Amino acid sequence: MDERTIEIFATGEKIGFLKTRNDTDGRFLEFIQTLPNKRGGFIPEHVHMDIDETYIILEGKTTYSVNGVHHTAEAGETIFIPAKTPHINPYNEDGSKTLVLRRTLTPELGIELFYRKQYQLANAN
């Protein structure tokens, strides 16, 4: 696996970095996230004070929440979550198919390092 791809071995969850902090001088981070065909990827409701998030659903179907309202999206749809908006990231609630997301976070603000450390810690157990 190269330095642009990280994986949680126990779950098969992967991130393939397309544009890193270094590539964009911190303006944004872009990556493909793959959540395998099992329920997972759920992160409780949270807020990013200074980061806009865009998700393009490449494969599968997802559930997510914005301002407490639950939604679903399928391949071909785009989700935009502006900074300061309470949300639950798109996740694989159904689990019958792999969910593949193209994600962009603007600006980057250390998110790449967060994911790299999170995956490293998950693999240490």
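Leaving aside its neighbours within four places in sequence, Phe31 is in contact (heavy atoms within 4.5 Å) with Ile15, Gly16, Phe17, Leu18, Leu101, Arg102, Arg103, Leu105 and Tyr115. The model is predicted, local features requiring pLDDT of at least 70 and side-chain atom pairs pLDDT 80 or more, whereas totals for chains, interfaces and linings use all residues. Residues are numbered from 1 along each chain as its sequence is written, and side-chain values use heavy atoms, with hydrogens and water left out.

Phe31 belongs to the largest nonpolar core, which has eleven residues, including Ile6, Leu29, Leu105 and Tyr119. A nonpolar core is a set of buried Ala, Val, Leu, Ile, Met, Phe, Trp, Tyr and Cys residues joined through side-chain atoms within 4.5 Å. Buried denotes under 20% relative accessible area, exposed over 50%, and partly exposed in between (1.4 Å probe, protein chains only). Two or more residues of this core come from each of S1, S2, S3 and H2, and the largest share, three residues, is given by H2. Leu35, Ile57, Ile79 and Ile81 are among the ten residues of a second, separate core.

The strands and helices named here are DSSP runs numbered from the N terminus (helices H or I, at least four residues; strands E, at least two). Six strands form an open sheet in the order S1-S2-S3-S9-S4-S7, with antiparallel pairing; two strands pair if DSSP finds at least two bridges between them. Strands S1 (5-8) and S7 (78-81) each have a single partner strand and stand at the edges, so one side of each lacks a neighbour in the sheet. On average, neighbouring strands of this sheet are turned by 20 degrees against each other, direction ignored. Helix H2 (residues 111-124) packs on the sheet and touches S1, S2, S3 and S9; its direction makes about 40 degrees with that of S1. Axes are lines fitted to C-alpha atoms, for helices over the stretch in contact, and angles run from 0 to 180 degrees between N-to-C directions.

Two polar residues were also examined. His87 lies in strand S8 (residues 87-91) and counts as buried at 1% relative accessibility. The His87 side chain makes a polar contact with the side chain of Glu53 (2.7 Å). A polar contact is a pair of N or O atoms within 3.5 Å; within protein, one must be able to donate a hydrogen and the other to accept it, and residues adjacent in sequence count only if both atoms are side-chain atoms. Glu112, in helix H2, is buried at 12% relative accessibility, and the Glu112 side chain reaches the backbone nitrogen of Arg21 at 3.1 Å.
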